[in-house]
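Keep the view open and follow along point by point.

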Amino acid sequence: MKKLSLVFSVALVLLALVATSISCTSDNETGNGNELEETYTLLMVTFSTKGGDTVGSQSCQLFVDRVKEKTDGAVIIDWKGGQEVIGRTDQAPAVRDGVIDILIGPMSFYEKLLPKSAVSNLSPFTPMEERENGIYDHWVEVHKEMNVRYLGIPHSPGQYYLFVNEEIKKPQTDFKGIKIRSNDTYNPFLLALGCVPATISQGELYGSLQTGVVDGTGWVPDSFAENKAYEVVKYWIDYGFYRTSSSVIVNLDAWNKLPEELQDQVEDASREIEAERWQVTREMDDDFFNLFKDEGMTPITFSSEDAE
């Protein structure tokens, strides 16, 4: 397992001294004014920055608020922040090991810890359909191998697209040698096209596109728009591939400490948000592509033969 950096490790140890990863405190009264009630506090990190106005940040904040509402304040999620608190490669190990209780982030963050999760990007079903057809229950069982409880998908950006500065006319040949920012999820797809995958952090990507360090990037429309990458990229390939989503996972030991009633309420909160955010993000897709056109980008399409 890749170790947390020393700075983050020290910070998290101090955090743990101040507030146990999952803590129970007693209030003098419950909502009906009679007996003592335990309050469970869960520490959370996310793929998205806390307090931002991005679509992803909004989904994470909604999860925090809805859990508090559903449990009548009995479960409080202490959102510590995003990748500025714990880097993306260290977030999943931190949840697995109980350093942090909850992670909201793409399954690609923990594909190396749970290789079976890689197939999630190939699912043709919506998150809501997966709850009906048994896939959700399958993921619950699979995630136990990582010592976490899977709770669904509170953020659904949709499909990946390729955004490039080279005009691609023939996909069979024109992708060869083009350097594309990638990740573990779609590296095989890019390699099959003949691209050269490159690992570049999100914070460095704008400058890398602007200066030609990479010729393009795979990304989801909302993140591409929020980072204003349309200012430095000329084209997008107008065919989506794979499906990306951010799941919520909870350290299994922390989850098991919650009474069954609270577990049910937290799961209800996740189920509601899943449907709400899916609808919201799908409605935004057209807005993003219209924005790209307004900013001077050009969509690239192929003949039906080449597209296949």
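1. The chain's secondary structure comprises 11 helices and 11 strands, taken as DSSP runs numbered from the N terminus (helices are H or I with at least four residues, strands E with at least two). This is a predicted model, where local features need pLDDT of at least 70, side-chain atom pairs count only at pLDDT 80 or more, and totals for chains, interfaces and linings use all residues. Residues are numbered from 1 along each chain as its sequence is written, and side-chain values use heavy atoms, leaving out hydrogens and water.

2. Of the chain's 308 residues, 49% count as buried (under 20% relative accessible area with a 1.4 Å probe, protein chains only).

3. Now look for the largest nonpolar core, which has 44 residues; such a core is a set of buried Ala, Val, Leu, Ile, Met, Phe, Trp, Tyr and Cys residues joined through side-chain atoms within 4.5 Å. Met44, Phe63, Tyr110, Tyr150 and Ile249 touch the most other members. Strand E2 (residues 37–46) gives the largest share, 5 residues. A second, separate core of 37 residues includes Trp219 and Phe292.

4. Helix H2 (residues 55–70) packs against helix H10 (residues 260–294) at about 155 degrees, with axes 9 Å apart; axes are lines fitted to C-alpha atoms over the stretch in contact, and angles run from 0 to 180 degrees between N-to-C directions. H2 is therefore roughly antiparallel to H10 (the term applies to angles over 145 degrees).

5. Phe63 and Arg66 are among the H2 residues that meet H10, contact being heavy atoms within 4.5 Å.

Definitions and conventions. Buried means under 20% relative accessible area, exposed over 50%, partly exposed in between (1.4 Å probe, protein chains only). Angles under 35 degrees count as roughly parallel, over 145 as roughly antiparallel, 65 to 115 as roughly perpendicular and the rest as oblique.
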